[in-house]
Structure formats: structure tokens, C-alpha cells
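Biologist: I'd like a close look at one part of this one, please: the charge pairing. After that, walk me through what the rest of the chain is doing.

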Amino acid sequence: MSAEMITTAQAAASNWAPYLGTGIAVAGAAVGAGIAVAYVGAAALAAMSERPELFGRAMVIVGLAEGIAIYGLIIGIILIGKA
């Protein structure tokens, strides 16, 4: 019983790389998306203050910036699935 527990603990300890990669991918994508939305959102509000008819186009661009976080989450799910 003791040998099985040691083997399981060794297997769990040696399987840390996919989880680290997942954390880096999701965190990096979230930070990148936050920075992108900050800049794009500010520019979209400035453009809409001058021309209100640009609302639809501006929201599409902000949505594309938010998509970066979704891509990071998808990569994280793929990495955990291969662990």
C-alpha cells in the first residue's frame, strides 16, 4: 500500500508542467485582453462621442479584443485535456 502511494505521489509531482502552461496561457490571455479592451474601449468611446452611429462597429472591435481571453481559455482547456 505504501509503495502505491509513493508511486501516485511521484506521478502527481511529475505532471505539473501542463498545469503551469495552462496558468500562463490563461493569465497571459486575460492580461492581454484587459489591456486591449482598455485601449480599444477608450478609443471607441471617443469615436462615439463625435459620431454616435459608430456604436455597432465599435462594439464589434471591443468584442474582438475580448476574444483574446477566450482563446487563452480554450488553449488552457486543451492543455489540461492532454495532462
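**The charged pair and the helices**

Modeller: Count the salt bridges and you get 1, if a salt bridge is a side-chain nitrogen of Lys or Arg within 4 Å of a carboxyl oxygen of Asp or Glu. The partners are Arg51 and Glu53, whose side chains meet at 3.0 Å, N to O. Side chains of opposite charge can pair when their charged atoms come close. Arg51 is partly exposed because its relative accessible area is 45%, and Glu53 is exposed because its value is 56%. The cut-offs are under 20% for buried, over 50% for exposed and partly exposed in between, using a 1.4 Å probe and the protein chains only.

Keep in mind that this is a predicted model, where local features need pLDDT of at least 70 and side-chain atom pairs count only at 80 or more, while totals for chains, interfaces and linings use all residues. Residues are numbered from 1 along each chain as its sequence is written, and side-chain values use heavy atoms, with hydrogens and water left out.

Now step back to the whole chain. The protein has 3 helices and 0 strands, in the order α-α-α; helices (H or I, at least four residues) and strands (E, at least two) are DSSP runs, numbered from the N terminus. The mean pLDDT, the predictor's confidence in each residue from 0 to 100, is 86, with 84% of the residues scoring at least 70. Confidence is lowest in helix H1 (residues 2-13), with a mean of 60, and highest in H2, at 93. Where pLDDT is low, the predicted coordinates should not be read in detail.

What about their buried sides? In H2, the buried residues are Thr22, Ala29, Ala33, Ala36, Gly41, Ala44 and Met48, and helix H3 (55-81) is part of what covers them. In H3, the buried residues are Ala58, Val62, Ala65, Gly67, Gly72 and Gly76, and they pack against H2. Some spacing makes sense here: an α-helix has 3.6 residues a turn, so residues three or four places apart point the same way.

Zoom in on Thr22, which lies in H2. It counts as buried because its relative accessibility is 9%. Setting aside neighbours within four places in sequence, Thr22 is in contact (heavy atoms within 4.5 Å) with Gly76, Leu79 and Ile80. Val31 is also in H2, but it counts as exposed, at 52% relative accessibility. Its C-alpha atom is 9.4 Å from that of Ile68, 37 residues away along the chain.

Across the protein, buried residues make up 17% of the 83 residues. Of the contacts with a separation of 6 or more, 72% join residues 24 or more positions apart.

Finally, an unreviewed UniProt entry annotates "transmembrane region" at residues 24-46 and 58-80; such annotations may be inferred rather than shown by experiment, and here feature names are shortened and positions follow the numbering used here. Residues 24-46 are 100% helix, with end C-alpha atoms 33 Å apart, and residues 58-80 are 100% helix too, with ends 34 Å apart.
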